[in-house]
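Here is a short report for someone meeting this structure for the first time. Please keep the sequence and the 3D view at hand while reading.

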Amino acid sequence: MKVLAFGASNSKNSINQQLALYAAKQIKGGEVSLIDINDFEMPIFSEDREKELGSPQQAQQFFKAIGEADVVVISFAEHNGSYTAAYKNLFDWTSRIDMKVFQNKSVIMLATSPGPGGASSVLGAAQGSAPYFAADVKGALSLASFYDNFDLEKGAVTDETFNQQLLDIVETL
Ligand SMILES: Cc1cc2nc3c(=O)[nH]c(=O)nc-3n(C[C@H](O)[C@H](O)[C@H](O)COP(=O)(O)O)c2cc1C
């Protein structure tokens with residue numbers, strides 16, 4: 001099973017990238033490909049720029065990477081209650097190739113932040129809009145207070161409730 005994992009953040013040491021990788025590794029027999037959305041950076045989307053540039057190669061590559069996966073694991077970082085500008089920009093460009101960005105793939109949606117809210121607002125937004133973008137969401141989980149619930153050295157979640165919920169989602173794949 002090919003698993004595409006990424007944090008929806010352009011932070012160098014993204015906690016969401018770490019969570020996405022950990023979750024992807026829980027998929028038995030999964031061949032995990034971890035991407036960094038920094039490698040897909042493009043000018044800020046506008047319809048005028050689109051007329052100038054067409055569909056940039058980075059958006060095409062991102063769309064292709066999803067297309068080649070069986071499962072997509074995303075962990076959303078939250079900026080001011082919503083998506084990071086970096087992810088939203090990538091998503092907007094990609095949605096112009098095909099609004100079905102997720103191409104009916106199985107998707108596990110996660111989110112985390114250092115605070116008690118665990119980026120649950122952005123997770124709710126992503127989950128709510130998923131059907132419009134052809135994401136077959138198998139489950140959505142937020143990890144609150146990341147630094148209390150994640151062992152940075154082991155790269156693993158220590159919160160047992162979260163881990164059990166994650167395993168339950170993984171078993172549906
Ligand atoms: C501009 C900005 C806005 C933020 N807004 C939120 C927020 O609305 N909710 C939240 O839980 N954390 C917020 N944070 C804190 C992020 O959750 C924190 O920086 C986290 O590390 C981001 O995830 P990442 O490491 O994967 O990039 C914000 C951080 C920044 C820089």
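## The model and its ligand

This is a predicted model. Start with the ligand.

Which atoms come 2.6 Å from an oxygen atom of the ligand? One is an N or O atom in the side chain of Ser14. The backbone takes part too. A polar backbone atom of Gly81 sits 2.8 Å from a ligand oxygen. For Ile15, a backbone N or O atom is 3.0 Å from an oxygen of the ligand. On its own, the ligand has 620 Å² of accessible area, and the protein covers 65% of that.

Helix α4 spans residues 85-95. Its buried residues are Tyr87, Asn89, Leu90, Phe91, Trp93, Thr94 and Ser95. What do they pack against? Their partners are β1 (2-8), α2 (47-53), α3 (57-68) and β3 (71-76).

Thr84 belongs to the loop between β3 and α4. Is Thr84 buried or exposed? Its relative accessible area is 1%, so Thr84 is buried. Leaving aside residues up to four places away in sequence, Thr84 touches Ala8, Ser9, Ala77 and His79.

## Salt bridges

Side chains of opposite charge can pair when their charged atoms come close. How many salt bridges does the model have? The count is 4. Glu50 is buried, because its relative accessibility is 18%, under the 20% limit. Arg96 has 47%, so Arg96 counts as partly exposed.

The next two pairs each lie within a helix. Lys64 bridges to Glu68, with 3.3 Å between the closest N and O atoms. Both are in helix α3, 4 residues apart, so about one helical turn separates them. Lys64 is exposed at 53%. Glu68, at 45%, is partly exposed.

Asp92 and Lys88 form a salt bridge in which the closest N and O atoms are 3.1 Å apart. They too are 4 residues apart, in helix α4, which means a separation of about one helical turn. Asp92 has a relative accessible area of 22%, so Asp92 is partly exposed. Lys88 is partly exposed as well, at 36%.

## Two residues with positive phi

Asn104 has a phi near 65°, a positive value in a residue other than glycine. Where is Asn104 found? It is in the loop between α4 and β4. With a relative accessible area of 59%, Asn104 is exposed.

Ala119 also has a positive phi, near 60°, and is not a glycine. Its place is the loop between β4 and α5 (120-129). Ala119 is buried, because its relative accessibility is 2%.

Ile66 is part of helix α3. Its relative accessible area is 0%, so Ile66 is buried. Which residues does Ile66 touch, not counting residues up to four places away in sequence? They are Leu4, Val72, Val101, Phe102, Gln103 and Lys105.

How are Ile66 and Met42 placed? They are 24 residues apart along the chain. Their C-alpha atoms are separated by 18 Å.

Conventions. Residues numbered from 1 in each chain as written. Predicted model: local features only at pLDDT ≥ 70, side-chain atom pairs only at ≥ 80, totals over all residues. Heavy atoms only, no water. Buried < 20%, exposed > 50% of the residue type's maximum accessible area, 1.4 Å probe, protein only. Contact = heavy atoms within 4.5 Å. Polar contact = N/O pair within 3.5 Å; in protein donor to acceptor, adjacent residues only side chain to side chain. Areas by Shrake-Rupley, 256 points an atom, 1.4 Å probe, with all protein chains shown as cover. Salt bridge = Lys/Arg side-chain N within 4 Å of Asp/Glu carboxyl O.
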